[in-house]
Structures are given as C-alpha cells and as structure tokens.
Amino acid sequence: MKNVIKSTLAILTVFAVITSCNNSKTSNNKSGALASNVAEKVYVAPGEHDEFYAFISGGYSGNLTVYGLPSGRMFKEIPVFSQFPTSGYGYSEETKPMLNTSHGFIPWGDSHHPDISQTNGEIDGRFIFINENNTPRIAKIDLKTFETTEIIEVPNSAGNHSSSFVTENTEYVVAGTRFSVPIPQRDMPIKDYKGNFKGALSFISVEPEHGHMDIKFQVLMPGFNYDLAHPGRGASHGWFFFSTYNSEEASTLLEVNASQNDKDFIAAVNWKKIEEYVNNGGGTMMPADYAHNVYDEATHSATSTMIKEVLVVNPSEVPGAVYLLPTPKSPHGCDVDPSGEYIIGNGKLSANLTVHSFTKMLDAIKNEKFDGDAYGIPILKFEDVLAGSVEQPGLGPLHTEFDDKGNAYTTFFISSEVVKWKLGTWEVLDRQPTYYSVGHLTIPGGNSRKPQGKYMFAMNKITKDRYLPTGPELEHSAQLYDISGDKMELLLDFPTHGEPHYAAAMRADIIKERSQKIYNLEDNKHPYAAKSDAESRVVRKGNEVHIYMSTIRSHFSPDNIEGVKLGDKVFFHVTNLEQDFDVPHGFAVLGQNTSELLIMPGQTKTSVWEPTKVGVWPFYCTDFCSALHQEMQGYIRVSSANSDTPLKWSLGEDIE
Amino acid sequence: MKTTKTIILVFTLMAFIWSCKNDNKENASTSPTASEQESVSNEKTGQAFIEDDEGKPTVLNIAIGSKDHTTLVAAVQAASLENALVNAGPLMVFAPTNEAFAALPEGTVDNLLKPENKDALANILKYHVTPGNYSKEFLTKFKKLGQANNQYVMVEVVDGEPMIGGAKILASVKAGNGIVHVIDKVLLPPTEE
C-alpha cells in the first residue's frame, strides 16, 4: 500500500514538472512577433556610444571597472587599491606611493562602494570615490582621465564598509567602520569589547576645486557594526544615515550573538551640527597615524604624507547631533529616496522592509519622544519614526534604489529577485528573478535627487550555469533590466569582474564632454622628464644610474647605453613625447623584476632595474604604437662591477 | 534498496527538469523575445533547476530525496519555494515528516495545497526555515529563532535536547547550503506576533 502511494506521488510530481515545462513552451511559441525587440534595446551600433556609463566595484580585485549601458560592454579596469600590471600602477616609481599606508606598502585591496560626486544633489561627473574595506582607505578617481588621483587612509576605522558616500554638494565623502575597535588602538582583552570598543564615522571634506580630501572630524559612536550609509538630500540634506547591526556588542559568533536584539538601529547624524561644533573649536585632537597619498598630474608622480593627528567628536557632547532609529533585524542597506523623505532599512534577516520618515523623525526629536538612550545617544521610538513597511516582499532584502517615478527597487538575496514597490503606498508592483542571488543593484543617478529610471542592473553573487560552468572560480553575473514601463523587463546578461559590491552609473555625455585625451608635454614637471630627444641623457650618482629617456614613433632616445655595472640601480625615466590622442608607448627590459611601463602621451614614468648578469640586454616598446613598432628597441650593456667601461649613450650612431 | 529507489526517482525528476530547461534554452537561442523573458521567470526555472552532479546536495535535494518528506516536497512545490531553498543561504530547514503532516486535522494539507491558499502555505513553510546553519547540539544555545516568514519560533531545552516550537528533532542531515533537521511536528506560525 505504502509503495503504491509513493509511486503515485512520484508519478504526479513528474507530471507536474512536465506540465509546467509544456506551459513555458507554449508561452514561448506565442511571442514570435516581438523576437527582435529585446536585442534592439541593448544594441549599440559599431562606433556608437552607450547612453550610460556604470562604474562597478571590483571587490577583491581592489579595482573599479567601467561598463557601458545598455550594451554591457566593459571598457576599462581602473586600478585603485591594487597593483595593476597593465599600466604599471603600483609598480612604477611614480605610483608606488599611492599604495602606501601606516602599515607599509599594501599591494592589494578590497574595493566596495563607488559613489560619484554631486552638485546640488545631481551627479556632476567630476570624481568618483571608492572605499577600501580591509585597510581602511578612501580613493578619489578623476573621471576626466579615469585615473586614481588620491587615496586617504582612515584611522580608528576597521572594515571600512559604510563608505564612501558623498553629500549632495560633495561637501564630504563619508566613511563608517564595520568593526568597532579600541580607540586609540591598544593591547587589551577581546572580552572587554562591550563599552570599550568604539565605531568611528569619518567625515572627509572634499575641497571643491581639485577634490582634495582631508579628514575634518570623526564621530566616535558606540561599539556597534556600521554596515552601510547614505546621505540625506533635499530637506534631509545635512543629515547622514548609517545602518547598524550587532547593537548587542558581541565579539564572537556574531551570526548568533548579533541577532539577539529584535531591532538594531539606523543612526541619524546631523553632520551640519557637528561641523558647526567643530568649526567653533569643538572636538578633541588625538594622536593618529595615517597616510594621505596624492597623485600630481603635473609631475606625474604620487607623494605619500603621514598625518599624525585626527579630530574626534564624542556625540554625547553635541546635543541634537545623533539619534538612533530602531530598525528590525540587522539592517544591511540604508537607502534614502530621491526626495530625502524616506530612509529604507533593509533588515537582512527580516522579511519586511522598514521605511522611516524624515519628517516624523524631526517631529519625534522636537517633541523629545525618546525611548531611553545608548551611551548618551537618544533612541527614538520605532512607531514614531516609521513611515511604513513593505510586507513580505521577498526573502533577505539587501539594497534599494529608486527611479524618477516614485518607485523603489529592492534586491532579495535569498529569494533571488528584484522587487519593485511604490513609495508611500508600500505596495509591491512587480518582481523579477535574478540569476542568481543578487547583492546590489544600480539605477543610473540612483544615489541623487534625479535618478534616470530607464535601466536597472542587478549584480549577482552566484553565477553557476549562466556561462559555461567551467569553475570552480566564476566571474559573477549581472543582469540588465528595462524599467521604463510598469513591469521590469530582463534585457541582458553580462559578466562582472571581481565581486561587485556596489556600482554607480551616470549619463555618458557628462563624462564625454570632460574627457582628457593627452597630457600636455609643456606642463610636464616631472623632475626626470626628457621633453625632447635632445634632452635625453644618462647621469650617474654613485651606484644610481638615471636614464632620461624619451620615446616617439618609433624609437627610444637613447637606444644604446653602456657603462652600467653590476650593483648599479638603473632608473629608466621614460617620457612619451607624443601629443597625439591614444599613442601610448610601453617599456620593458629583459630581466626587469619591478615594473613594465605604459606611458601616456606627455607623461613620464619610471621603472627601476637592478641587473644581475653581465651582458648586452635588449629593451623594447610593449605597446603596438606604430607601423615600425617592431623597430622600437634598444640595448643596454652591463659590465662587471670592477670594469672601466665609460658611461656613454647614443641614438643613431655607434658608441665609440 | 529503498535508497536506490529514491535515488532513481530523484534522477528521473532531474532528467525531466533538465530536458525541459534545455528546451527553453534552444528556444531562447532561436527567438529571444520579450515574453520569452516571462517564461524565464516561470516558476520552474532558476537556481533550483541547475544541473549539478558534483556539489553536495542542497536542502531541497535532501527533502526531495527523502521518502519521509513527500508531503513537504509537494507543499514546497505548490508554494513555488524551490529556488529559495537552493540559495547560498545558509539555510536551516525544519522538515516535518509525512507522519507529522498526517497528524494535522483531516483536510488541512489538502486545503493548503489548493492554489488559492498558496500564500498561507508559503507562510507556514517559511516558518520552517531559519537563515542559519546550526547543529542540533548548538540549537540548545538559542531561546528563539527568527524564521523566514518574519516570526519567531521558540526553542526549549527538554532533557538536554532542543525542542523547536514543541517539535523534536528526529534526525539531522548536513546540506551543501545548510542543514535539514527532521522534526516530528508541523510548526504553525503564531497568529499574533
């Protein structure tokens, strides 16, 4: 009898599968008329440009990648926190200081959340900022060149995760700490975490003209984990919101111990109030040790400066500056809608989305409706600040973005989908699956007052069978959706590089009008530049040999060098004399174990070579620069340490 | 012997599902259409239907492969929750046996399996899922567990064993994306939170 039931069930199940299979086929067949529609929507004809550019974080690659939308084409990988062989970034003498920290030179990083600079709450396309999570740093990339031009280390921080989000006039780029730590760092028992560790929220001012970064102040918060953040905008400009978890202040087995409280908090920080306090002499200057690395486009060189102090603020000393908004179950994403009214807490262990109201928050503050405090910071009542909840939209909410029509789009990791819902009514309007297990999503202009609700792309954590299943390591998959209609429509699959924790996207035309094509040779202030063939030369300083070398299609000057000895440290300072768009030259010498170079027109870059063998060694251009690229070569003669070969060089004639 | 039968059943199922998926793919390559996308979002596509004969079975595979959980599997399918159960998780599924379902008042299961009760069924099933992965012994450390339907289930320790919402853990099977604890009762979500 039992067996019969079993078999029946099995057969029924199989039938169910087959039936559903047939259904899907039917729906395929009836839709042939629209066959070319989707392809046309993502087709960018040869020579045409994409309408939007997306900057997608490279996660554990430490870099930032540039993609076109809607084509999904990858245009560039911008090296930020990791050495990058393609251009020699982090290997060449000029760029090594970019990766300097108070812990020494760090060759790799974990990049997370890019955010584009804004003016009046709209994306201005000048800079993009991105955080390094592991050894806390914030980088600035210039969107006129797609080059990393500045990196500042963040002291007192650890796991720089709720970063690097900009305020609506790029007054600040903000960096919050995931790990709370002893501040100042000291040797103490881990079990004494509670009450002793602190979480630093860093407000890094951005100088308007060049974007230079400077840590204006750090708010030393209770020892929670600060997960993500977003700025207020419009009416809420001047505030910043941080999601927190582990308000339990546990230091071990957080998957259990940080999930004990029914609610954690979103911390609302009135940074304008703290700024005023600091400008009036408030705060305490404490000893610190952090690197500030700046790339100078005139000298084509980076410098690293160690800074020894930082201004810290205890929030309980600034009344009215910080409040805690109870938010269910370890919120991850903390997103603010384009109007600045709604603050969305994506409680990753909650099945509901919590939306707070900025207006109600101000009201509750005004009427002092507090529900106790945490280390002197007032806690507001959940019901008093709640605007509404989206009930059971999916499983495992992570991030929310917005369009320009009052809709929000939230990713759900566990149920692997994007859900579209309406701000104000909180009703679910549409859901589309992602392939698979989506993390972040992006809408161009999403973190601004004016998102462009045409496309949305979802960045997935799991790829599995989307491409050939050759693994174990797979590039992650992303999906592009058309969101211009009532329902989201899947358009395209494209692979992303590293792990895209976040992305920022914007209109491509804003980038195009600011693009820089070459470096002006006349403006080259590199101390070792050779700005013409005539300026090229070789200079010995003790055991250092400095070669002032120039390149132009299709030769190096000099291209014959003698008089180098074993034990010498040879500096190839290579200047690219070209002033034509897109004519870089490369440089490599046999046995070079430091850095190859790729030198842009008008630029000077340096590679150090410490020859280990006597001989005559070739060097050549590694970038196919011209019809006579294969002729672009030279020799350097290395003699024994005690030889008396004179230091000589030439171009076009023999060394006599 | 019984195991062999179960395995055969699972493979048969997989074969059907997989051939179905291939059909979809062929269609996709010849005519990528707007409503093709709708078929992609059809409930029988997604992570649950990926062919993977190398990885450790997921919590869903384990449930499908168990002769004692045919009711649960039928319920999961009726509620279209397959894809949620193959996610990276981690997921801890409390899997009531067929006997546990049979112990419910007569007609309860049949009623829940009706299409119009899909949401109610999904809510009950999600009350059996915790985002987490804890062994039976470890569960004694908890007072309550936050379930996927947004409600809590209480944990009590009786004679050194964790009782989950009054249900006893009969067996535990480790999965690729979490763990399945076989329980002797169906957990019914509290009507008021």
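1. Helices (H or I, at least four residues) and strands (E, at least two) are taken here as DSSP runs, numbered from the N terminus. On that basis Gln516(A) sits in the loop between α7 (508-514) and β36 (537-541) of chain A. This is a predicted model, in which local features need pLDDT of at least 70 and side-chain atom pairs count only at pLDDT 80 or more, while totals for chains, interfaces and linings use all residues. Residues are numbered from 1 along each chain as its sequence is written, and chains are lettered from A and ligands numbered from 1 in the order in which they are written.

2. The domain assignment of chain A, whose bounds come from an automatic or database source, gives domain 1 (53-514) and domain 2 (521-650). The C-alpha centres of these two domains of chain A lie 43 Å apart. Their contact (C-beta atoms, placed from the backbone, within 7 Å) takes twelve residues from domain 1 of chain A and 15 residues from domain 2 of chain A. On the domain 1 side, the residues divide into three nonpolar, seven polar and two charged, where Ala, Val, Leu, Ile, Met, Phe, Trp, Tyr, Cys and Pro count as nonpolar, Asp, Glu, Lys and Arg as charged, and the others, Gly among them, as polar.

3. To return to Gln516(A), leaving aside residues up to four places away in sequence, this residue touches Lys144(A) and Thr145(A). Gln516(A) and Thr145(A) are 371 residues apart in sequence, yet 5.7 Å apart in space, C-alpha to C-alpha. Gln516(A) is partly exposed because 14 other C-beta atoms lie within 10 Å; a residue is buried at 20 or more such atoms, exposed at 12 or fewer, and partly exposed in between, with C-beta atoms placed from the backbone.

4. Asn246(A) has a positive phi, near 55 degrees, and lies in the loop between β16 (239-245) and α3 (254-257) of chain A; with 25 C-beta neighbours inside 10 Å, Asn246(A) counts as buried. Ser330(A) has a positive phi near 50 degrees, belongs to the loop between β20 (322-328) and β21 (331-336) of chain A, and counts as buried with 26 C-beta neighbours inside 10 Å.

5. One joins Tyr435(A) and Tyr436(A), with omega about -5 degrees, and Tyr436(A) is found in the loop between β30 and β31 (438-442) of chain A. Another joins Ser557(A) and Pro558(A), with omega about -5 degrees, and Pro558(A) lies in the loop between β38 (555-557) and β39 (560-565) of chain A.

Definitions and conventions: Contact = placed C-beta atoms within 7 Å.
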